[in-house]
Amino acid sequence: MNKNIGVYVCSGCGIGECMDAEQLVALGSDEGGAAVVRTSPAFCLEDVQLIRDDLDSGAVDSAVVAACSHRVNADVFSFGTAFVERVNIREQVAWSHPPNDPETQEIANDYLRMGIVRAQKAVAPTPYTEAHERTVLVVGGGSAGLAAARDAARAGYDVVLVEKGASLGGYAASLYRQFPKRPPYRALAPIDVAGSIEQLQSLPNVRTLLEAEVVETSGQPGRFTVTVRRDGADELITAGAIVMATGWIPADADTFDAYGRGRYANVVSSMELEAMAARGSIVRPSNGSPVARAAVVVCDGKGDDRHRPYGGNVSSLVALKQALYIREQYPDSIVYVLYGDMQTPGPYEYFYKRVQEDEGILFSRGDIRSVTENGDHDVVLEVESTVVGGPVRLSLDLLVLSEDMVPATADAASGALSLSYLQGKELPTTKFGFADSHFICFPYETRRTGIYSAGSVRQSMDLAASAQDGSAAALKAIQCIEQASAGAAVHPRVGDLSFPDVFLQKCTSCGRCMQECPFGALETGEKGRPVLDSNRCRRCGICMGACPVQVISFADYSVDMLAGMIKAVEMPEDDEDRPRILVLACENDAYPALDMAGIGRLQYAQSARVIPVRCLGSVNSILIADAVSRGFDAVMLMGCKAGEDYQCHYIRGSELLETRMQNVKETLDRLALESERVTVAEVAISESDKIPAMIDDVVQTVKEIGLNPMKGF
Amino acid sequence: MNEEIKETGSSTHRSILIVGGGIAGITAAVEAAESGYEVFIVEKEASLGGRVAQLSKYFPKLCPPYCGLEINFQRMRGNRRIHVYTLAEVENISGVPGDFDVTIKQNPRYVNDRCTGCNKCVEVCPVDRPNTFNFGMDTTKAIYLSHAMAFPRKYAIDDSVCQLTDCGKCVGACPYGAIDLSMETRTFPLKVGAVIMATGWKPFDAARIDNLGFGRYSDVITNVMMERLAAPDGPTGGRVVRMSDGEPVNTAVFVQCAGQRDTNYLGYCSGICCLGSLKQATYIREANENAKVFIFYIDLRTPGTYGFFSKRVLDDPNITAVKGKVAKVVEDPGAGKLVVEAEHILSAEKVSVEADLVVLATGMVASMSDGRPNATIGYDADAFVLPDESSPGIFPAGCARGPVDVATATQDATAAAMKAMQTIHQARG
């Protein structure tokens with residue numbers, strides 16, 4: 001399809017003083033075949049109207065604006081549904097290369113050529129708008145689930161709450177008191193589970209299903225189909241989004257083997273103590289007699305790597321609370337609190353101070369050497385490294401061990417959504433086993449779009465935090481429903497209406513796209529070919545990068561388009577001073593870093609030609625082979641950090657790149673080219689200062705190994 | 001996004017006022033706007049980002065805050081439901097949930113929305129000012145951009161130092177007519193249905209703690225200054241060196257609870273400073289492979305999975321955590337070094353460490369400890385906003401509610417946005 005393209009060359013912000021705008025104008029009309037070409041000293045001001053008029057009059061249907069980076073003035077250069085391509089000749093040309101230099105001019109010329117190709121090949125996406133279900137499904141009726149259901153309902157959405165137990169409330173129902181809620185943060189607070197349940201039941205748009213479990217979840221945001229089983233009968237529920245608030249379970253009892261739990265009658269868990277406190281009868285379980293001496297141990301996981309590499313969020317507070325329980329019932333008792341580091345952040349410090357003021361509660365740091373029992377079933381504790389040295393021997397009526405909170409997902413039978421996704425039944429978890437987001441800035445974003453986790457299944461937390469978490473996850477569910485009904489992507493490419501389109505006739509059913517999608521958006525269809533659940537897709541393009549036969553593309557982003565842009569670069573023949581380096585830069589971090597290099601007026605090699613990509617994972621290896629066979633002397637893949645603390649917004653982009661690089665090396669070997677020509681450069685968004693050296697290194701490599709011998713073929 | 005530098009846009013009842021444009025305010029704004037609500041951010045500085053923009057890295061991933069800000073700014077750029085007022089403060093909030101009348105005071109920027117960010121004004125400006133973004137460790141011109149990622153990308157003039165019309169060089173240099181030295185403070189009304197207080201925190205004034213030497217010795221710095229030192233766009237270009245002579249840091253001492261958990265200063269625990277120092281220990285080690293780091297603490301507060309981060313950092317044999325309270329910091333003028341004296345808690349012995357750099361892990365003070373708007377808002381004794389019926393229709397988020405880390409602030413902000421949305425739905429349908 002031939003489009004009527006308008007080319008608009010801005011000369012403001014130093015562009016006009018750096019390069020010959022007339023050359024760009026000529027290029028636009030002659031080589032680029034633009035229907036209209038205009039210049040302005042500042043297109044972002046009054047002259048933006050010229051572009052709008054051209055679009056309104058139908059003189060052009062797409063605008064190529066050669067000016068500043070797309071990262072600024074997005075609202076100015078936005079004209080309804082018209083395709084706008086921003087050619088960055090400010091930050092990445094005028095501000096980062098010497099003025100009035102033919103090589104600098106050549107960069108701008110190449111970028112304009114690339115922009116015109118992109119505008120020619122891009123098609124306005126037609127969004128997928130077939131998923132309109134607005135019900136929020138909440139799985140789990142504990143603190144987090146109750147809050148999520150209540151808040152979603154109060155915000156005007158229908159809610160179905162599924163709880164596997166016979167009643168709502170979760171663990172809160174079996175706790176005696178909660179941590180202080182109000183200033184001066186000294187007194188334990190009552191727990192009003194009945195009030196929360198009553199409040200929920202008063203909402204007309206909440207349907208609660210007790211003794212029910214999810215046996216299958218399929219579909220996508222805006223149209224999940226969930227099978228709920230109750231009394232042996234299955235019911236199909238459609239939901240727009242899901243909040244998973246399945247909570248926690250106690251760790252296996254053998255976690256506390258060394259502390260005598262299960263072996264000695266008077267060693268109890270914190271949950272057992274809660275139950276005793278709630279009944280008002282804290283006693284020695286061995287004989288029901290009163291407690292005069294007790295110890296509460298903060299098992300915060302430190303120095304105890306047997307079970308998990310992290311501590312509890314609440315075990316210190318639980319220990320403080322329970323020391324008070326015992327003291328409340330037995331004013332003459334002595335309670336030892338044994339701990340490593342007391343974790344009482346924020347105003348909980350005041351609570352800690354209040355417990356310290358109690359003369360019957362003795363605090364000591366200490367490592368437990370042994371727990372044994374004497375003939376009277378007293379618990380005998382040997383503690384080392386206490387404040388008074390050690391070892392110290394304590395004979396106790398009761399030893400309380402803080403319960404180890406493990407996310408419900410750890411038990412496959414206890415909280416699964418039973419996802420009918422090719423990539424597995426479970427919600428993917430972090431390295432700690434929590435169904436949590438990997439990102440500090442973007443909580444609740446799991447790897448299953450439209451499913452948001454809340455409460456202790458996400459991180460161990462207290463009741464107040466769980467309720468807060470439920471509210472927040474409910475918002476994410478609502479937001480996803482709103483975006484899905486418009487066919488728009490959620491975080492991070494919010495509002496993107498495009499989605500991958502598979503040209504099935506040429507698909508070889510290799511399954512790579514289905515396996516590599518970080519979000520499980522592609523399922524197996526007829527003849528093993530992929531079927532897309534559009535609203536699961538986050539538009540990263542990793543499937544496009546994965547496809548060995550290049551049949552996956554987006555309306556405005558494709559292998560063909562990127563190949564066209566690569567081809568558009570004018571390749572100097574055999575000039576050692578003019579190598580060409582293709583930089584494929586991730587739009588999330590690397591491209592902004594390149595912009596910031598320009599803002600800081602850092603200069604880098606004029607041989608680089610930058611193309612932003614959605615994710616390095618979207619780079620199909622054929623593009624690299626293409627670039628090399630077109631004569632590029634080197635290719636840099638500039639992206640974010642891989643590994644355990646990866647920064648890829650699409651989870652797997654940088655990781656997948658490593659395996660794909662293997663293919664690339666093989667391709668280069670086949671072409672008898674040096675594998676050093678293709679490199680991966682890891683750059684954080686804040687590291688613009690490192691960019692000049694990174695590019696110079698590649699230029700140096702080219703100098704050493706020589707220009708690409710394929711040049712000119 | 002609408003960068004409301006000029007005249008105010010329209011306002012509706014189905015909208016949320018967000019006071020503060022740091023990570024909590026930005027998060028609440030983006031989350032609510034993408035859920036279909038109109039939001040108005042009122043930020044007192046010239047650009048958004050707040051305290052996180054000043055951080056070099058986040059714990060525990062040691063990733064740059066700009067990464068998350070970029071995505072959030074990208075989301076804001078594409079969303080016309082988000083309105084931003086910079087250099088603005090909320091003076092008054094009256095009314096009831098669903099129907100609040102707000103008065104906003106906006107200070108003059110002296111730069112209008114014709115600014116393209118070209119930097120020509122800075123090239124001619126003759127006046128320097130201490131760079132508050134870098135805690136005064138370097139200077140900017142009187143017309144400035146807060147930092148490399150400043151958003152909106154529009155310059156601003158500091159009228160406490162600018163000679164305004166007596167100089168006017170920038171007016172002549174600006175090709176776009178973007179500088180307007182006649183701008184005045186303006187006050188305007190806004191109608192909203194709910195309010196989110198995301199007013200954040202400010203660093204505790206370390207000079208108040210006499211025995212720790214801050215303000216007396218230039219190599220005693222605070223944790224927030226340390227972030228700027230390590231930041232690639234900071235005053236030293238990311239070189240972690242001694243402030244006195246620019247020499248490398250061979251031994252660094254971190255002083256935990258520099259004011260926190262002490263009823264003379266801050267009675268509460270700031271929650272993030274232990275993790276902050278563990279993180280900053282990695283900055284020192286990255287800058288100098290032979291450097292030694294000592295962290296003096298009372299309790300190493302690394303709750304939950306952060307314990308994993310703590311272990312990873314302390315696996316470095318050159319980083320030592322010492323359970324002990326620092327008594328004082330003095331200077332050994334002959335050696336040009338600082339001497340940190342502390343008590344080892346377990347052995348009750350006095351210890352003394354010679355250091356090139358001492359970092360005070362100071363705490364977070366609620367911004368609302370002064371300059372509160374006239375409104376029905378409940379505060380606790382430490383000026384944190386209470387999340388309860390004492391503030392009807394007004395919800396705290398992030399460090400306005402209590403001292404929290406970034407991860408908690410973003411969760412909190414999302415929850416606050418939900419509360420604001422349902423308040424509006426309940427009141428107005």
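## Helix 18 of chain A

Helix 18 of chain A covers residues 653-670, 18 residues in total, and reaches 25 Å from first to last C-alpha. That is close to the 26 Å expected at 1.5 Å a residue (the expected span is 1.5 Å times one less than the number of residues). Helices are DSSP runs of H or I with at least four residues, strands are E runs of at least two, and both are numbered from the N terminus. The model is predicted: local features need pLDDT of at least 70, side-chain atom pairs count only at pLDDT 80 or more, and totals for chains, interfaces and linings use all residues. Residues are numbered from 1 along each chain as its sequence is written, and chains are lettered from A in the order in which they are written.

A kink of about 30° is centred on Thr659(A) (the bend is the angle between axes fitted to the seven residues ending there and the seven starting there). After the helix comes Ala672(A), with a positive phi near 60°.

## Buried residues

Among the buried residues of helix 18 are Leu656(A), Leu657(A), Arg660(A) and Met661(A) (buried: under 20% relative accessible area, 1.4 Å probe, protein chains only). Their cover includes helix 17 (621-629) and strand 29 (634-639) of chain A.

## A sheet in chain B

Chain B holds an open sheet of 7 strands, ordered 14-20-15-16-17-18-19, with mixed pairing (strands pair if DSSP finds at least two bridges between them). Strand 14 (220-222) and strand 19 (350-355) stand at the edges; each has a single partner strand, so one side of each lacks a neighbour in the sheet.

Lys325(B) has Glu343(B) as its bridge partner.

How values were computed: Heavy atoms only, no water. Buried < 20%, exposed > 50% of the residue type's maximum accessible area, 1.4 Å probe, protein only. Contact = heavy atoms within 4.5 Å.
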